[in-house]
Amino acid sequence: MKTDDLRAAYLDFFETKGCVRRPSDVLVPKDDPTVLFTPAGMNQFKAEFLGLGKPDFKKAVTSQKCLRTGDIENVGVTARHHTFFEMLGNFSFGDYFKREAILWAWEFLTSKQWLGMNPDELNVTVYEDDDEAAAIWADEVGLEEVRIRRHGEHDNFWPAGAPTNGPDGVCGPCSEIFHHPGGFNPANEGTEIWNLVFTQFERTGAPPNNLKPLPAKNIDTGMGLERTAAVLQGVKANFEIDTLRPLCEAAAAAVGVPYDYDAKTGRPVRRIADHARAVTMAIHEGVRPGNNLEEYVVKQLLRRASLEGYLLGRAEPFLYSLVEPVVDSLKIAYPELTQTLASTVDTVKAEEERFLATVERGLRRFDSAVKRAADDGQSTIDGDAAWELHGTYGVLIEMTEAMAARRNLKVDRKRFEALREEHETTSKGTGRTGFDDVMSAGPLDALKKEHGETEFLGYEQTESDAVLL
Ligand code: ATP
Ligand code: MG
Ligand code: MG
Ligand code: MG
């Protein structure tokens, strides 16, 4: 099944269940100060979940444009993470609840009329004390106990952190569906494709008593379009699906390397393809590369992709040439993308030119900082070098950190921040940048927080033979 057909099938299926088809919300919300980019399908329905206002529908279905900067270091490395991706969601505002959410998800995935997945290849998780969800999976769906795993807050309460330190807002226990190619195997959880969240609390502040039942019980589900397409198309990674493989091939051609998923160049090429999508989608909504908030994220994604290309030997702008293939791959769902194509191309090219003007000297500066750290027996790149790279050579701090991490080095972020503050005070700078806000303490901390040490260390170990960034 093609990705465009999967999106359409999902929307059709939930319409047959009475959900009202709603358009994707914007990728860059203007009126939600808590996020820079839309991270999930539920964000446009926060008011409905809180019981505010009177929506003219009680059930909805969407395909939502999402962007998660917190996943940036996973991109190209895991088979399943992008920065920009689409989330298919079905939602209930005080209408259906757990039973229907589970049974409908199962029906959509396994019924021959819809996706026809092999039920033996699917297994699920539930929140540790959610006997109700576990019973529905066991008794009504008929899954053996061993295929219904129970996990704690980190994996099965959304957003994670509850009830101890999660963010304020609507939340609840969740049940996730994993695909396991070749059949269920308890040693390997497979790929998470769908998260069913039983949104029934509003969380305010710290525990105890920080979970207040919402006026009504709600459903919020999120299914990864690209991940599910990968399962249906029998390919080993999201980047190999019908909409992304041609983009990876275009990215490889643009930087002058053959595209081979498992080659050394596979990861950087996938990152280029991913960032080209994210940048195109954000610039389409009017965000230009800059120094604040969303603009800074776009600048960083763009420069990261440009640096990947540079390190693969392409010293001329190339990313702009991927805007058109990106638009081609998404225009069935978002025909409006064609209207901004030309201006997006210009914006991307201009930023690439700015970056490439200093990158060579920047990389030399980086190498000398790495050498100095090694000569001094230090595992940290000094903050002054990081600041110079950021301010003078356009190698943004997060890029320096990512390059350093791949050599098992850290960056003296404290000193860097002190220099940044000094600069902002003297130049009356424009304030904070986006990645700090989104990722609190930098990409590596965010990654550790989200995935735990194991996945992170594994990635560092396998990265040693890959290209620098
Ligand atoms: P993972 O554990 O694999 O990082 P998640 O638990 O963070 O996924 P959710 O927040 O539950 O993901 O989002 C709902 C669904 O959206 C996931 O089940 C997955 O199919 C999809 N999804 C989440 N993050 C990404 C991403 N970075 N790229 C592509 N799809 C994603
Ligand atoms: Mg998960
Ligand atoms: Mg999840
Ligand atoms: Mg995640």
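## Labels and model

Helices are DSSP runs of H or I with at least four residues, strands are runs of E with at least two, and both are numbered from the N terminus. With these labels, the place of Asn-209 can be given as the loop between β8 and β9. The model described here is predicted.

## Around ligand 1

How many residues surround ligand 1? The shell has 16. The closest are Asp-71, Phe-85, Asn-195, Gly-222 and Gly-224.

Four elements each supply at least two residues of this shell: β3 (84–93), β8 (191–203), β9 (211–224) and α6 (225–233). Of the elements, β8 gives the most, with 4 residues. By class, the shell around ligand 1 holds 6 charged, 5 polar and 5 nonpolar residues.

## Helix α10 and its partners

Helix α10 spans residues 323–330. One partner is helix α8, residues 266–284. The axes of α8 and α10 lie 9 Å apart, at an angle of about 80°. The two helices are therefore roughly perpendicular to each other. From α8, the contact uses Ala-276, Arg-277 and Thr-280. From α10, it uses Val-323, Val-326 and Val-327. By class, that contact has 4 nonpolar, 1 polar and 1 charged residues.

Another partner is helix α7, residues 245–255. Here the axes come within 10 Å and cross at roughly 175°. That angle makes α7 roughly antiparallel to α10. Pro-246, Leu-247 and Ala-250 in α7 meet Pro-325, Val-326 and Ser-329 in α10. This contact of α7 with α10 has 5 nonpolar residues, 1 polar residue and no charged ones. Val-326 takes part in the contact with α8 and also in the contact with α7.

## The buried side of α7

Which residues of α7 are buried? They are Leu-247, Cys-248, Ala-250, Ala-251, Ala-252, Ala-254 and Val-255. The buried residues of α7 pack against α8, α9 (293–311) and α10. Two of them, Leu-247 and Ala-250, are in the contact with α10. Just after α7 comes Gly-256, which takes a positive phi of about 85°.

Most peptide bonds are trans, and most residues other than glycine have a negative phi. Some places in this chain depart from that pattern.

A cis peptide bond joins Trp-158 and Pro-159, with omega of about -10°. Pro-159 sits in the loop between β6 (157–158) and β7 (169–179). Another cis bond joins Pro-207 and Pro-208, with omega of about 0°. Pro-208 lies in the loop between β8 and β9. Asn-209 is found in that β8–β9 loop too. Its phi is positive, near 60°, in a residue other than glycine.

Leu-293 is not a glycine either, yet its phi is positive, at about 45°. Leu-293 belongs to helix α9. Leu-293 has 21 other C-beta atoms within 10 Å. A residue counts as buried at 20 or more, so Leu-293 is buried.

Note on methods. Residues are numbered from 1 along each chain as its sequence is written. Chains are lettered from A and ligands numbered from 1 in the order in which they are written. This is a predicted model: local features need pLDDT of at least 70, side-chain atom pairs count only at pLDDT 80 or more; totals for chains, interfaces and linings use all residues. A residue is near a molecule or strand if its C-beta atom, placed from the backbone, lies within 6 Å of it. Ala, Val, Leu, Ile, Met, Phe, Trp, Tyr, Cys and Pro count as nonpolar, Asp, Glu, Lys and Arg as charged, and the others, Gly among them, as polar. Axes are lines fitted to C-alpha atoms, for helices over the stretch in contact, and angles run from 0 to 180 degrees between N-to-C directions. Angles under 35 degrees count as roughly parallel, over 145 as roughly antiparallel, 65 to 115 as roughly perpendicular and the rest as oblique. Two residues are in contact if their C-beta atoms, placed from the backbone, lie within 7 Å. A residue is buried if 20 or more other C-beta atoms lie within 10 Å of its own, exposed if 12 or fewer, and partly exposed in between; C-beta atoms are placed from the backbone.
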